Amino acid sequence: MDYKISIINGLPVWDALPVGKIIHYPLEKRDYRPFAQVRLCANETDLYLRMWAFETRPSPKSVLMARLNFDPAKSDKYLQVRVDSMGGMTACAVDGETETPLAQYLILPELHCYRGEDLEGEYWGVVVKIPRLAVEKIWGKDPIAAGYVIRGNVYKEDTAEKTRHLGSLFPVDLEKDEPFGKNSFGSMMFVNY
């Protein structure tokens, strides 16, 4: 099933955007599967990612990560944005074994971290704003338009010993090489309502 990425005008109105739920934890044998979500959208100049996870006391190794390929028909490259519960972020273009930080493209994403509590529990999260110019510099074009389909996935991971887990928005096939890599990417379509 496709995840819809809204094309918007101006700033995001988060509650009006489709939610992707990170609920696939294929390796998890315990009941610890933190509920995590993502919302993506693009306006005239920027791509926005809002990711958050419901964890009362997240470990410093608790991370949310998005991997997005904007030209899946011609390229295996993907944009990777990885943020941790302590407010650290890495953003890079990944091509095979090569990771190129967005700073080398003279692109600096903006990061806003937040924590809160609602009826579902305590959560931590981030909003990442990436100039669409990054897509153009990495793939040679900015194809973002209604009906255009990219491929990607969003992950919730923790490598701490007591809270170790790895979940995803789209299911993964553990029989494939690199099951949490490009083999786990699902379709994401840009829509303009």
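Start with Glu157, which is buried at a relative accessible area of 16%; buried means under 20%, exposed means over 50%, and partly exposed lies in between (1.4 Å probe, protein chains only). The side chain of Glu157 forms a salt bridge with that of Arg82, 3.2 Å from N to O. A salt bridge here is a side-chain nitrogen of Lys or Arg within 4 Å of a carboxyl oxygen of Asp or Glu. This pair links distant parts of the chain, with Glu157 in strand β11 and Arg82 in strand β6, 75 residues apart. Strands are DSSP runs (E, at least two residues), numbered from the N terminus. Arg82 counts as partly exposed because its relative accessibility is 28%.

A word on the model itself: it is predicted, so local features need pLDDT of at least 70 and side-chain atom pairs count only at pLDDT 80 or more, while totals for chains, interfaces and linings use all residues. Residues are numbered from 1 along each chain as its sequence is written, and side-chain values use heavy atoms, leaving out hydrogens and water.

How many salt bridges does a search of the whole structure find? There are eight. One of them joins Lys182 and Asp76 at 2.9 Å, N to O. Here Lys182 sits in the loop between β12 and β13, and Asp76 in the loop between β5 (62-69) and β6 (78-84), 106 residues apart. Lys182 is partly exposed at 37% relative accessibility, and Asp76 is partly exposed at 47%.

Terms used: Helices (H or I, at least four residues) and strands (E, at least two) are DSSP runs, numbered from the N terminus.
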